[in-house]
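Student: I have a new protein model open on my screen. Could you show me how to read it, feature by feature?

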Amino acid sequence: MPAIATTHSLNDYRKLVISNYRDQLRNSSAKSIEFSYTHRSKPYQYSIQLSKISCNYGGHRYWWLCPKCNQRTSTLYYAGLYVCRHCIGANYGSQLQQPIDRIYSKLNAIRAHMGWQVGVIHGIGERPKGMHAKTYNRLLKEYEHLEQKIIGAHYATT
Ligand SMILES: [Zn+2]
């Protein structure tokens, strides 16, 4: 298996999908999951960190943190180590980002613009000083729209 992707399909890689672990994680406070296996007669033993995100409408959900770049992702791909699709090969640009991640990026961009805590989807903050109410309302509306999409995607995939 090449370390750098030469195909145009991520389907060629073995996947680790976080939703397969959700039941197991539901009542735990695990911060990582241990992996131990052999790849090309080299032993691998490491843990993959988890990110636990609260949802607006109660509960929370887990994400992987890519062992290489530490980005939050729902799916890791096997290339000796399990890594996110960005790390699996430089050939994969943002056009291959999954929609959910693009939504997260937009959402985080709004949060950053507003001066709110980045990396969470809950908690709408105050209008920043110096921002017009009109701008704030427009961003807020867009934010809520994106948030709904994420929540919708969550229920569609689990
Ligand atoms: Zn990565």
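**Reading the model step by step**

Tutor: By class, the lining of the largest pocket holds four nonpolar, eight polar and three charged residues. Keep in mind that this is a predicted model.

Student: Let me step back to the overall fold. How many helices and strands does the protein chain have?

Tutor: Count four helices and seven strands in the protein chain. Along the sequence, they follow the pattern β-α-β-β-β-β-β-β-α-α-α. Of the chain's 158 residues, 41% count as buried.

Student: Which element gives the most to the lining of the largest pocket?

Tutor: That is α3, with four residues. At least two lining residues each come from β4 (60-65), β5 (72-73), α2 (85-88) and α3 (99-114). Domain 1 (10-93) and domain 2 (98-157) each supply at least three residues of the lining.

Student: I also see a zinc ion. Which residues coordinate the zinc ion?

Tutor: Look for Cys66, Cys69, Cys84 and Cys87, each using its SG atom, at 2.2 to 2.3 Å. Along the chain, these donors have the spacing C-x2-C-x14-C-x2-C. Cysteine 66 sits in the loop between β4 and β5 and cysteine 87 in helix α2, 21 residues apart, so this pair links distant parts of the chain.

Student: What is the geometry of the site of the zinc ion?

Tutor: The site is tetrahedral, with angles of 106 to 112° among the four donor atoms.

Student: Is cysteine 66 buried or exposed?

Tutor: Residues under 20% relative accessible area count as buried. Cysteine 66 has a relative accessible area of 1%, so this residue is buried.

Student: What about backbone angles? What should I look for?

Tutor: Most residues other than glycine have a negative phi, and most peptide bonds are trans. Asparagine 70 is a case to look at: its phi is near 70°, a positive value in a residue other than glycine.

Student: Where does asparagine 70 lie, and is asparagine 70 buried or exposed?

Tutor: You will find asparagine 70 in the loop between β4 and β5. Its relative accessibility is 51%, and the cut-off for exposed is over 50%, so asparagine 70 counts as exposed.

Notes: Residues numbered from 1 in each chain as written. Predicted model: local features only at pLDDT ≥ 70, side-chain atom pairs only at ≥ 80, totals over all residues. Heavy atoms only, no water. Nonpolar A, V, L, I, M, F, W, Y, C, P; charged D, E, K, R; others polar. Domains from an automatic or database assignment. Donors = N, O, S within 2.8 Å, 3.2 Å for Na, K, Ca; no water. Tetrahedral: all angles 85-135°; square planar, octahedral: opposite > 155°, others 65-115°. Buried < 20%, exposed > 50% of the residue type's maximum accessible area, 1.4 Å probe, protein only.
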